Amino acid sequence: MKIAIHHTAADWSFSNYWVEYCRSQKIDYKIVNAYDSDIVEQVQDCDAFMWHHNHMIHKDRLFAKALLFSLETAGIKVFPNFYTGWHFDDKLGQKYLLESIGAPLVPSHAFFDFDTARKWIEETTFPKVFKLRGGSGSTNVMLVKTRKDALKLARKAIKRGIPIYNKRGALKEAFRRYRMGVGHIVEILKAMAHFVLPTPLQRASGKDVGYAYFQDFIPDNRFDIRIIVIGDKAYGIQREVRTGDFRASGSGMIHYDRKYINEQCVKVAFEVSEKLQSQCTGFDFVFDQSGTPLIVEIGYGFVQQAYEACPGYWDRNICWHEGKFNPMGWIVENLKKSDK
Ligand SMILES: Nc1ncnc2c1ncn2[C@@H]1O[C@H](COP(=O)(O)OP(=O)(O)O)[C@@H](O)[C@H]1O
Ligand SMILES: [Mg+2]
């Protein structure tokens, strides 16, 4: 078994762990550059190809899924494979997927013409949550308190479009992180600079236009629960919502102790993960008034560093295993074991 790894030497990348794991376990691997035009040729002597592609990197957005699924079609084992990755950074796609498999998704509503959206807005209750299909760290998620605001937003989303890089949100977030003592002044300056000097993502990706996506607002959640399922193992964290806000993702206020994690979420995450046939999925849960966990989004990619302090993991029988573990190594092992 020889594995080709596209390695990104950035903190967020799974490839740091994969390379280290292969080295320490003496697994045959080679580092390849997915951006090379002859990448298909480069992986011909390998049985597997792994790439932690990132939705914030425009180059990755252009072709990572195409390359991975092409190699998969040719019989090379890949991570993330089609079932794991097609819906990554696509909350709209996740709505149809989770509805199709009967997963407990927060009631979600998608509109592709303004008249239909308007009719729904006139009849439904508020507040609602508005989201773009892509984004992370809560950047493209907002609370819509009134019918009037919903109409304005839906008109803009469907007719004129909404930039997928939220400049104002990024600046507000940089200030918040600075006030919390975790952000640096440079982050604020960069966020300010992006008002006049767009990032590559801003320049290339522009606006999302032609749809409006709302979810029912599930109130009174002081935190969300993020569960990661990799094969038959799972681990998780609790993330507090920002002060005076309903959004937890990206808040940086994380609890790791097992007592903070509702095991019902672990159970649901395992069940849904099996139906998804996924190699690795992160599930974000909030709780309704009766305490039932509901999924707000899923995604194969995350920053593993934020989970390093997890004190243990659960197996498929929801049995707890205390102690250090290496989930990125599980990904490699599962790929080795898999027949495709
Ligand atoms: N429908 C909802 N009701 C209540 N809170 C929500 C809802 N959707 C999202 N949230 C909160 O907002 C945060 C960000 O939403 P999410 O869909 O996970 O976007 P992101 O991709 O930015 O993480 C979540 O972590 C959760 O705390
Ligand atoms: Mg999230």
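Me: Is D284 buried or exposed?
Reply: This is a predicted model, in which local features need pLDDT of at least 70 and side-chain atom pairs count only at pLDDT 80 or more, while totals for chains, interfaces and linings use all residues. Residues are numbered from 1 along each chain as its sequence is written, and side-chain values use heavy atoms, without hydrogens and water. Buried means under 20% relative accessible area, exposed over 50%, and partly exposed in between, with a 1.4 Å probe and protein chains only. D284 has a relative accessible area of 2%, so the residue is buried.

Me: Which residues coordinate the magnesium ion (ligand 2)?
Reply: Donors are N, O and S atoms within 2.8 Å of the metal (3.2 Å for Na, K and Ca); water is not among the atoms, so sites may look incomplete. At 2.0 Å, the ion is coordinated through OD and OE by D284 and E297.

Me: Which strands hold D284 and E297?
Reply: Strands are DSSP runs of E with at least two residues, numbered from the N terminus. The pair ties together parts that are 13 residues apart in sequence, so two strands are involved: D284 lies in β14 (residues 280-287) and E297 in β15 (residues 293-299).

Me: Where does the second largest pocket lie?
Reply: Domain bounds come from an automatic or database domain assignment. Residues of the lining come from both domain 2 (91-216) and domain 3 (223-331), so the second largest pocket lies between domain 2 and domain 3.

How values were computed:
Chains are lettered from A and ligands numbered from 1 in the order in which they are written. Helices (H or I, at least four residues) and strands (E, at least two) are DSSP runs, numbered from the N terminus.
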